[in-house]
Amino acid sequence: MTTKNVLSEQIQRIYARFIDKENLSDVIDTREINLIMNQSINKVLKLQVADSFKAGLVDVPKCNLLEYTCAVTADAGNNRSYITLPAIPLTLPMDMGIWSIAAATGAMTPYIPIPAQDVLVFQGANLSYLEGKIGYYLQGKRVYFTKNITLTANGTVTSVVVNLLVMDFSQIGDNDVLPISPEVESAIIDDVLQTISNGRVSQAELASKQQ
Amino acid sequence: MKTKSLDVIVRDTLLDSGLPLHYYTRYLHHGLRCLDELSMDFDMGNVKTVVLSVTDYRRAILPADFVDVVAVSGKYGEKLLPLERVHNLNKLYNRDSEGNKIPYPAEQSVNYDAEFNYNLISGGATMNSRGELIGRFYGRQRNPLMTYDIDTVNSELVFSNTMDLIEVTLTYITTGVSRSTANVVTPYANDVISKYIVMMAAKAEKARLGEYQLAQQDYLNARRIFRARMNAMDYAEIIALIRNGINGALKN
């Protein structure tokens, strides 16, 4: 188990010891490391999912899912409703970055995900009825529901629980357990070090270049 | 009566394929297509019976969800006696001088040329112009009186002038897929729909060479089993068929 602090301190130590051997006291700001680490985790996450897809396993690492509660807004004119995503999830086939959306009191009966490219196509087809169930689809920063779920007939839902596949450091405390698989920790450290060392040279190299 | 919902069949198939809920709509689409197709050949709860009134111009308006006819019958006690379908009834409206729709006149009042009339009725060149039989009249064609046909242009049943019922009972096929309630099917259809979904998914996802063919073979086998189950025949039915096929004949 690791935390943001544990990882960033480890990166700082490695950076100070190995990247610039002649300047051991030169450490990078933790805030900068956290920023890069967040981006790096999302990159590694995407690769991890892509690898499993390539192997024929259509799945996402569940420990990386972040749970949000979002307020539902009615779009009565279009007989639908929507939520605004608190974070943009990874782009995956069939919009799997949004892993699940369910009413706050209906965790085991999630709404039906509809790939965004299908939703305009199936209007008028038998599929559009969705066997009486309520579906959702992604459009920009919003997720729209196929019915106005704030209405009594559709459950009077005012907030939903959303599980997104994304790393969002704003949701995680410095000493909270970081929701990443242990096997990707080293890949993240390597990737962050690679990024922060880009374009950096040692004092000796700099001196020789100046001569 | 025990039924299985299409929703459950789709979820079962997702489990079989190890896929998450994100594939639900694609799989449901295939399932609906399969159900729609099966309902054209099998009674998937889409065979309905209604009583229709016959208009004074010998027609009856078909229901809006009509796809094809199973039987048009008249009531006879507790039974329904089927009318015979003929394809030579005139589908064009007949109108009086004021434009009102009226039935066509009875055949007897038509004053055709004798040869044309006789030969048309008897179904071949068996009469001369004087109405004399010239031979080769092998078997007289019957002239059924209680007949109907379907006017697809005006969505109506057309009856012969001699059909004097004021009500008929129509048994018809409608579409098998509902868009207002969740679809349910006989448990017999579970496997065939599931295999169809897998086959179509393999096709849509551009499966490797041979995978689609295997899925197709699975589907065809499941369809054969489904067809056999839906048309099961027991000993009593076979005996009844044989008995119904045996009739008395004139002794020579």
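**Close-up views of a two-chain model**

**View 1. The contact between chain B and chain A.** In this predicted model, 18 residues of chain B are in contact with 17 residues of chain A. On the side of chain B that touches chain A, the elements that give two or more residues are α1 (6-17) and α2 (24-38) of chain B, and of these α2(B) gives the most, with five residues. Sorted by class, the residues on this side of chain B are ten nonpolar, six polar and two charged.

**View 2. The crossing of helices α2 and α4 in chain A.** Two packed helices are described by the angle between their axes and the distance between the axes. Here the axes of helix α2 (residues 30-54) of chain A and helix α4 (residues 185-196) of chain A come within 9 Å and cross at roughly 125 degrees, and α2(A) and α4(A) are therefore oblique to each other. The crossing in which α2(A) passes α4(A) is right-handed.

**View 3. The residues where α2(A) and α4(A) meet.** From α2(A) come Ile33(A), Ile36(A), Met37(A), Ser40(A), Ile41(A), Lys43(A) and Val44(A), which meet Ala187(A), Ile188(A), Asp191(A), Val192(A), Thr195(A) and Ile196(A) of α4(A). This contact of α2(A) with α4(A) is made up, by class, of nine nonpolar, two polar and two charged residues.

**View 4. The two domains of chain A.** Chain A is divided into domain 1, which takes in residues 4-58 together with 182-198, and domain 2, which covers residues 62-165. Taken over C-alpha atoms, the centres of domain 1 of chain A and domain 2 of chain A are separated by 33 Å.

Methods. Residues are numbered from 1 along each chain as its sequence is written. Chains are lettered from A and ligands numbered from 1 in the order in which they are written. This is a predicted model: local features need pLDDT of at least 70, side-chain atom pairs count only at pLDDT 80 or more; totals for chains, interfaces and linings use all residues. Axes are lines fitted to C-alpha atoms, for helices over the stretch in contact, and angles run from 0 to 180 degrees between N-to-C directions. Helices (H or I, at least four residues) and strands (E, at least two) are DSSP runs, numbered from the N terminus. Angles under 35 degrees count as roughly parallel, over 145 as roughly antiparallel, 65 to 115 as roughly perpendicular and the rest as oblique. A crossing is left-handed if the near helix is turned anticlockwise from the far one by less than a right angle, and right-handed if clockwise. Two residues are in contact if their C-beta atoms, placed from the backbone, lie within 7 Å. Ala, Val, Leu, Ile, Met, Phe, Trp, Tyr, Cys and Pro count as nonpolar, Asp, Glu, Lys and Arg as charged, and the others, Gly among them, as polar. Domain bounds come from an automatic or database domain assignment.
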